[in-house]
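Q: I am new to this structure and would like to learn how to read its contacts between side chains. Could we start with the charged ones?

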Amino acid sequence: AFTLSCSSDGSDEGTQGDVSRSGNGGVNPSELSNKHVYLVKWHKQDNDEILVKTGTFNGNANVALLIEIYDDYEPSIHDTIPVGRIQNGRLFLDSLPSIGSKYSGGFEKPRWRCEDFDPANNKDYSSCQGIPSVIPSDLSLFQANLEFAVDIPGKRCWLDPYSVKLEEWLSVGFLYSSKPGSITGTETYTYKPENGGGTRTRKYEMSLSEGWNFGYRTYNITATTNVTTHTTSLPAGATLEWGLICDEDPLQAVGGACRGTIGGAYTLCIESSIITEDMCGETNFPQFPEFLNNCPTNPTLICPNRPVNNVTIYGYGSLFEYQTCEIFDPVPEEVESFPSTTGDIP
């Protein structure tokens, strides 16, 4: 997600609808094009996680911008907008869309920790000083979920920009501003002892164009200081690079199966194109804990083409006389947790 979070500390570290193609703002797609795409992943180091480059992506894929706006924790808008492609491992952005009135619910004014701060009632901080200045005062940022999705079969992949200096990869935010303006100033806050203590300072030195902007972070962390600076200027000595992260997509796994023994006498196997290792033994199928790439050779097919939550289940093996094909049904109260192939695949 490419948002500027001003009120949460986080880590101290479809359809095109109302979309036009004039939303570039301070970001020039041509300057981001014809650049290598690198493979990156999160790596545990001591008590922290850092992003590391693992290689270079050399394939081809389409790239789309996902826009999600949530209402009461449910997505009220889920749009997919084509923005470019990866060709022979290089990214080519055609354009970046402007965010029109259809997405007005995703805009919010920046919020600050020290607004209405009351030390007697605040659960997080014992002290908090400073409220950055926003000019003009009605400037707002698009705070909905934004993601560059990369269409690679069998995987869920997304692309992010990173500021890279001395092999350190730092996330870069994509910020969409409702109008040109600036965010400047400092906020300093101290955590209560029960929350770990320590004082943090955040500085804002941001000059925003209407439309898309890059948001960079730099850190100055020592034994006595912890300062994060937010800026719209690429840090000195850094380069802007594209990193690709992929996860296996459970909705596109092929040939998965779960096998279990019923009553100590009969071995059953259920097979579906979406079953993955994580599903076997979970609430939906607790009687089938063993994961297989596919069912045993030449099994006896029972319960063919049984639809369960819009997914076709194939059962193999034998059943007791008193058993029916309902044995393959998920536990009723957990029926919503079984993936559906009818929805959009993110």
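A: Side chains of opposite charge can pair when their charged atoms come close. A search of the whole structure finds five salt bridges, a salt bridge being a side-chain nitrogen of Lys or Arg within 4 Å of a carboxyl oxygen of Asp or Glu. Please keep in mind that this is a predicted model, in which local features need pLDDT of at least 70 and side-chain atom pairs count only at pLDDT 80 or more, while totals for chains, interfaces and linings use all residues. Residues are numbered from 1 along each chain as its sequence is written, and side-chain values use heavy atoms, with hydrogens and water left out.

Q: Which residue forms a salt bridge with Asp-79?

A: The partner is Lys-102, and the closest N and O atoms of the two are 2.7 Å apart. Asp-79 lies in strand β5 (residues 74-87) and Lys-102 in the loop between β7 (98-99) and β8 (107-108), so the bridge ties together parts that are 23 residues apart in sequence. Strands here are DSSP runs of E with at least two residues, numbered from the N terminus.

Q: Is Asp-79 buried or exposed?

A: Buried means under 20% relative accessible area, exposed over 50%, and partly exposed in between, with a 1.4 Å probe and protein chains only. Asp-79 has a relative accessible area of 4% and is therefore buried, whereas Lys-102, with 30%, is partly exposed.

Q: Where does Asp-94 find its salt-bridge partner?

A: Asp-94 pairs with Arg-85, with 3.6 Å between the closest N and O atoms. Asp-94 counts as exposed because its relative accessibility is 56%, while Arg-85 is partly exposed at 32%.

Q: What should I look at for aromatic rings?

A: Rings of Phe, Tyr and Trp (its six-membered ring) pair if their centres lie within 6.5 Å, and planes under 30 degrees apart count as stacked, over 60 as edge-to-face and the rest as tilted. By this rule the count comes to 16 aromatic pairs. One of them joins Tyr-125 and Tyr-189, a tilted pair with 5.1 Å from centre to centre and 55 degrees between the planes. Tyr-125 lies in strand β9 (residues 125-129) and Tyr-189 in strand β16 (residues 181-191), so this pair ties together parts that are 64 residues apart in sequence.

Q: Which other ring does Tyr-189 pair with?

A: Tyr-189 also forms an edge-to-face pair with Tyr-191, at 5.9 Å centre to centre and 80 degrees between the planes. Both Tyr-189 and Tyr-191 are buried, and Tyr-125 is buried as well.

How values were computed:
Helix = DSSP H or I, 4+ residues; strand = E, 2+ residues; numbered from the N terminus.
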